[in-house]
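Good morning, everyone, and thank you for making time for this.

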Amino acid sequence: MKFRAFIDGAARGALGRVAPPENRGCAVCVVLASEGYPRAVVLGRPIAGLDAAAGDPDVVVFHAGTRRQTDGSFATAGGRVLGITARGDSVAAARERAYRAVDQITFEGRQFRRDIAARAQVSRSPQGREAAAQRGEAE
């Protein structure tokens with residue numbers, strides 16, 4: 001997937017060798033937080049399901065408050081643990097895909113909001129942007 005190659009290039013300081021992907025459609029990101037966030041965060045909880053969630057080519061799992069264990073697995077290491085970002089042709093499709101991935105990732109005390117992008121009324125798909133432009137609405 002071009003997006004993953006682009007992010008990898010950015011992380012390695014090699015953006016000059018990777019063309020940015022064309023961004024069509026919409027993206028939704030749901031943050032998974034540790035128990036106790038934002039106050040007394042519980043750390044060290046094993047995280048399961050990362051491979052399953054990342055199996056969808058339109059899902060990217062961004063690590064924030066994680067730590068790789070000696071056996072290669074991951075555990076919580078901060079308040080905002082993961083950002084689950086999914087793309088779709090519409091906000092509704094991206095949202096559904098993001099929450100499907102969220103449901104595959106588990107750790108004790110996991111918390112997240114179920115209302116992310118729920119109020120989005122206008123499709124951000126190419127067709128939705130074209131319709132908005134025809135109505136004279138700015139993005």
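Which residues have the most contacts inside the largest nonpolar core? Before I answer, please keep in mind that this is a predicted model, in which local features need pLDDT of at least 70 and side-chain atom pairs count only at pLDDT 80 or more, while totals for chains, interfaces and linings use all residues. Residues are numbered from 1 along each chain as its sequence is written, and side-chain values use heavy atoms, with hydrogens and water left out.

The largest nonpolar core has 22 residues, and those with the most contacts inside it are Leu32, Ile47, Leu50, Val61, Leu82, Ile84 and Ile105. By nonpolar core I mean a set of buried Ala, Val, Leu, Ile, Met, Phe, Trp, Tyr and Cys residues joined through side-chain atoms within 4.5 Å, where buried means under 20% relative accessible area with a 1.4 Å probe and protein chains only. Helix 3 (91-102) is one of the elements that give two or more residues to this core, and the largest share, six residues, comes from helix 3. Helices (H or I, at least four residues) and strands (E, at least two) are DSSP runs, numbered from the N terminus.

Val61 touches Leu50, Ala53, Ala54, Leu82, Gly83, Ile84 and Ile105, leaving aside residues up to four places away in sequence; contact here means heavy atoms within 4.5 Å.

Now to the pockets, a pocket being, on a 1 Å grid over the protein atoms alone, an open set of points where a 1.4 Å probe fits, with protein on both sides within 12 Å along at least five of seven lines, and lining residues having an atom within 4 Å of a point. The largest pocket has a volume of about 240 Å³, volume being the space filled by probe spheres set on the points, which are joined across faces, edges and corners. It is lined by 14 residues, of which Leu50, Asp51, Ala54, His63 and Phe74 are the closest to its centre, and strand 3 gives the most to that lining, with four residues. The second largest pocket holds about 180 Å³ of space, and strand 1 (residues 26-33) gives the most to its lining, with three residues.

How values were computed
Buried means under 20% relative accessible area, exposed over 50%, partly exposed in between (1.4 Å probe, protein chains only).
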